[in-house]
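Visitor: Hello! I am new to this structure, and I would like to learn how to read its features. Could you walk me through some of them?

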Amino acid sequence: MKNTAPTRLLILGTGSMAHSHAEAFAAIPGVRIVAAVDVSPARLSAFCDLFDVPHRFATLDEALAWGGFDAACNVTPDQAHHATTMPLIAAGKHVLCEKPLATTHAEACEMRDAAAAQGIVNMVNLTYRNVSAMQVAAAMVKAGRIGAVRHFEASYLQSWLVQPAWGEWSAQDQWLWRLSRAHGSAGVLGDVGIHIIDFATFVAGSDVASVSCRLKTFPKAPGDQIGPYHLDANDSCAMHVELESGAIGVIHASRFASGHLNDLSLRIHGTEGALLVQSANHVDRLSVCMDPVGDPTGWEDVALPPVPRVFDAFADAIRNGRPATPDFARGAALQKVLDDAGGVGLFRGYD
């Protein structure tokens, strides 16, 4: 049943990523950001002043006691996702949670099952679902355009440890914490691994059946220490994967990839053709090789229509009373792969 009343939204956590949520939802008709929560008074005040948010709370408990919202964006640190999402679900609030859904598969399954039992709209903010090339490629695979998938290669490459395009990492807390497990980092696998695993398996149309993974942490400073930061989180990862469909492939990610600011790439090969999906610096491209007999090395670009963002899908699902993806079930499935690839000890709190 369609809900014509405005959706009242709460933002939980007001750091830099919360700004992206607020900007996106402020532009969606029928959505009003009515409240925000943050343990930092200064950060909370600055956020609410910037986005004209009327209600401000220091704790989630205070916001739940007030209760004047229908849905929440959980933009807290990774390790807080489970503890803060479960009370929202219990209160019957729709939830869009930042990735990863949790820090262990067990916790992610609790969140998945609780959301299903409550019947709320539940989604994970996997931002690369917003990439048109990814959506069109997935539709082509689902329609059988390249036949049965046999092999794939997927990568997520960044260069901020070797090129200062985003600033000098060794002097900025916003980068240093990402290199320290004690400060909540799960390294490149926990940070961007979930994106490239979703990228590859969503397009291939099959979940991971088995995975082996090698993680590597490289020396970056004397004693692997800068101030309070012990630089022990993984910098690069390489996975060998078999999908439930029987296809095999490799997935890798690194922060040492010179020449690649923030680049995702997927080559997927089937019995009747191949696809190349690329997303680099906000430029997306899909190429196809569909004539292995007449032109066995010929690739052609595919026109890419705009696609709805995860934010739009979340608002639409609430308005129309229907589920949307990527949901908590998808988040839990991806978390299982992360657990298998890096072990639950990937996060400091689960050593």
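This is a predicted model: local features need pLDDT of at least 70, side-chain atom pairs count only at pLDDT 80 or more; totals for chains, interfaces and linings use all residues.

Visitor: What kind of peptide bond joins T325 and P326?

Guide: Most peptide bonds are trans. T325 and P326, however, are joined by a cis bond, with omega about 5°. Another cis peptide bond links K99 to P100, with omega about -15°. P100 sits in the loop between β5 and α5 (105-118).

Visitor: How should I read phi, and what is the phi of N281?

Guide: Most residues other than glycine have a negative phi. N281 is not a glycine, yet its phi is positive, about 55°. H282, also a residue other than glycine, has a positive phi near 70°. N281 lies in the loop between β14 (274-280) and β15 (283-289), and H282 is found in the loop between β14 and β15 too.

Visitor: Is H282 buried or exposed?

Guide: The words rest on relative accessible area: buried is under 20%, exposed is over 50%, and partly exposed is in between (1.4 Å probe, protein chains only). H282 has 83% relative accessibility, so it counts as exposed. N281 is at 41% and therefore counts as partly exposed. L215, in strand β8 (residues 208-216), is partly exposed as well, because its relative accessibility is 31%.

Visitor: How far apart are L215 and C237?

Guide: There are two ways to answer. In sequence L215 and C237 are 22 residues apart, while in space their C-alpha atoms are 4.5 Å apart.

Visitor: Where is T14, and which side chain does T14 meet in a polar contact?

Guide: A polar contact is a pair of N or O atoms within 3.5 Å; within protein, one must be able to donate a hydrogen and the other to accept it, and residues adjacent in sequence count only if both atoms are side-chain atoms. T14 is in the loop between β1 (7-12) and α1 (16-26), and its side chain makes such a contact with the side chain of D38 at 2.6 Å. T14 has a relative accessible area of 2%, so it is buried. Contact in general means heavy atoms within 4.5 Å. Beyond neighbours within four places in sequence, T14 is in contact with residues including H19, D38 and F47.

Visitor: What does the side chain of H94 reach?

Guide: The side chain of H94 reaches the backbone nitrogen of V121 at 3.0 Å. H94 is in strand β5 (residues 94-98) and counts as buried because its relative accessibility is 18%.

Visitor: Finally, which residues of α1 and α2 meet?

Guide: From α1, A18, H19, A22 and E23 meet F47, L50 and F51 of α2. Those contact residues divide into five nonpolar, one polar and one charged. Here Ala, Val, Leu, Ile, Met, Phe, Trp, Tyr, Cys and Pro count as nonpolar, Asp, Glu, Lys and Arg as charged, and the others, Gly among them, as polar.

Terms used. Residues are numbered from 1 along each chain as its sequence is written. Side-chain values use heavy atoms; hydrogens and water are left out. Helices (H or I, at least four residues) and strands (E, at least two) are DSSP runs, numbered from the N terminus.
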